[in-house]
Amino acid sequence: MTEITSTGRDLSTQGWTEAYSRSVMDTFGPPQRILVRGEGPYVWDAEGTRYLDLLAGIAVNALGHAHPTLTAAVSAQLGTLGHVSNFFGTPTQITLAERLLQLAEAPAGSRVFFTSSGTEANEAAFKMTRRTGRTRVLALEGGFHGRSLGALALTHKPAYREPFEPLPGGVEHLPFGDTEALEAAFAPDAVAEHGEVAALVVEPIQGEAGVRELPAGYLALARRLTQDAGSLLVLDEVQTGMGRTGSWFAFQQPEIGGGIVPDVVTLAKGLGGGFPVGAVLAFGERAATLLGRGQHGTTFGGNPVAAAAALATIGVIERDRLLAHTRTVGKVLRRAVVAAGNPLVKDVRGRGLLLAVELTRPVAAQVAAAALDAGFIVNAVAPDAVRLAPPLVLTIDQALDAARFFAGVSVETTAPEKDD
Ligand SMILES: *Cc1c(COP(=O)(O)O)cnc(C)c1O
């Protein structure tokens with residue numbers, strides 16, 4: 001479909017893609033498709049082709065696309081009061097702070113700092129760790145915490161970090177899920193050599209590393225060690241938070257968190273249902289007062305439209321019982337994908353609707369490309385794993401459509417891809 005407008009703009013995929021490559025910085029590589037609209041779990045490209053969006057903007061569009069409640073809440077707020085500076089408070093901002101603390105079952109004295117993205121939430125959390133008077137921060141291998149310099153220092157992947165060194169110092173990466181290494185980091189000899197631990201920063205389930213869940217008991221041990229050492233336990237729930245795993249926060253699931261209360265939880269991605277908003281939840285008086293007046297700030301954080309989007313998203317998740325729905329559909333999806341018995345599929349890991357289809361060969365990129373050609377958006381999150389993070393409103397029938405793709409997919413046998 002080549003449609004040329006009166007201004008000479010070529011509205012075809014090819015036209016847009018060429019314009020993209022001339023005008024948008026090449027940090028992401030060429031776009032796989034040019035998407036022009038969405039509705040529920042579906043999006044359409046510039047050629048009019050429909051896709052079932054099993055990635056939801058990377059665990060963002062919790063309510064799918066163009067959800068009427070979210071759309072109405074955002075336009076109503078924008079039409080009432082769209083932005084004020086942080087010299088002022090707004091009812092939406094205050095209500096959202098209260099709602100988040102409630103959902104997190106945060107103790108008295110807990111407070112929230114609002115941001116506009118995940119990296120900014122982690123940046124704020126990192127600054128909080130510096131206010132403990134200690135500078136040693138532990139994170140995990142495989143951890144992803146964002147791309148701004150502080151969050152990047154917490155992020156593990158060398159290819160992301162090395163071009164930007166020197167990064168803020170004091171961060172040590174421990175082997176993923178290794179309880180002995182964790183204990184050793186808090187042992188007297190490590191403390192004598194490297195200093196007291198200011199904080200441990202972890203994702204309950206590593207998203208970008210391929211949907212890797214921490215082993216059972218790890219977070220409970222982390223809580224005990226940080227508590228005993230007077231260190232902060234910071235949970236990065238930017239990807240796992242706000243219902244994605246079938247509970248408001250992943251740490252609330254007994255098998256993951258074992259009943260722990262963290263010191264800090266960071267949020268973004270799904271929080272605004274597609275509207276950019278992030279948050280830092282600080283649990284209890286100590287964590288909530290680490291950043292004092294004038295010690296941190298943001299122009300957009302706490303913006304009333306962003307807060308209204310988050311409140312509307314939370315409201316729909318509650319009204320439509322989407323936490324239970326997420327658990328049910330997640331189970332149906334993973335069982336159906338495994339039961340199909342495709343020799344390419346080894347297993348499905350993850351929780352709720354944050355899943356990775358494990359492949360028997362490192363052909364995730366080919367599978368993702370085949371999915372796109374068949375009308376499904378997924379993501380090759382590792383050489384041998386395909387991530388599924390669909391809208392929480394995905395129906396069982398739509399999940400079964402996705403499973404049918406995995407039942408039938410095959411890729412040409414080629415030399416194994418290089419593992420980066
Ligand atoms: C996506 C992500 C971030 C970064 O969020 P941005 O909004 O892209 O800055 C941080 N932590 C985790 C766990 C994430 O998945």
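Which side chain has an N or O atom 2.6 Å from an oxygen atom of the ligand? That side chain belongs to K269. The pair counts as a polar contact, meaning N or O atoms within 3.5 Å; within protein, one must be able to donate a hydrogen and the other to accept it, and residues adjacent in sequence count only if both atoms are side-chain atoms. Taken alone, the ligand exposes 380 Å², and the protein buries 82% of that. Those areas come from the Shrake-Rupley method with a 1.4 Å probe; for residues, only the protein chains shown count as cover.

Before I go on, the basis. This is a predicted model, where local features need pLDDT of at least 70 and side-chain atom pairs count only at pLDDT 80 or more, while totals for chains, interfaces and linings use all residues. Residues are numbered from 1 along each chain as its sequence is written, and side-chain values use heavy atoms, with hydrogens and water left out.

Back to the ligand. A polar side-chain atom of D236 lies 2.7 Å from a ligand nitrogen, and a backbone N or O atom of G118 lies 2.8 Å from a ligand oxygen. The surrounding residues, those with a heavy atom within 4 Å, are S117, G118, T119, N122, F144, H145, G146, E203, D236, V238, Q239 and K269. By type, this shell has 2 nonpolar, 7 polar and 3 charged residues. Here Ala, Val, Leu, Ile, Met, Phe, Trp, Tyr, Cys and Pro are nonpolar, Asp, Glu, Lys and Arg are charged, and the others, Gly among them, are polar. Helix α5, residues 118-130, gives the largest share of the shell, 3 residues. Helices are DSSP runs of H or I with at least four residues, strands are runs of E with at least two, and both are numbered from the N terminus.

Next, the cavity. On a 1 Å grid over the protein atoms alone, a cavity is a set of points where a 1.4 Å probe fits but cannot get out, and lining residues have an atom within 4 Å of a point. There is 1 cavity of 30 Å³ or more. The largest cavity has a volume of about 40 Å³, taken as the space filled by probe spheres set on the points, which are joined across faces, edges and corners. Its lining is A59, V60, A62, G241, M242, R244, G270 and L392.

Last, the backbone. E165 and P166 are joined by a cis peptide bond, with omega about 5°. P166 sits in the loop between α7 (158-161) and β6 (171-174). A56, in helix α2 (residues 56-59), has a positive phi of about 50° although it is not a glycine.

Note on methods:
1 Å grid on protein atoms, 1.4 Å probe; cavity = no way out; pocket = protein on both sides within 12 Å on 5 of 7 lines; lining within 4 Å.
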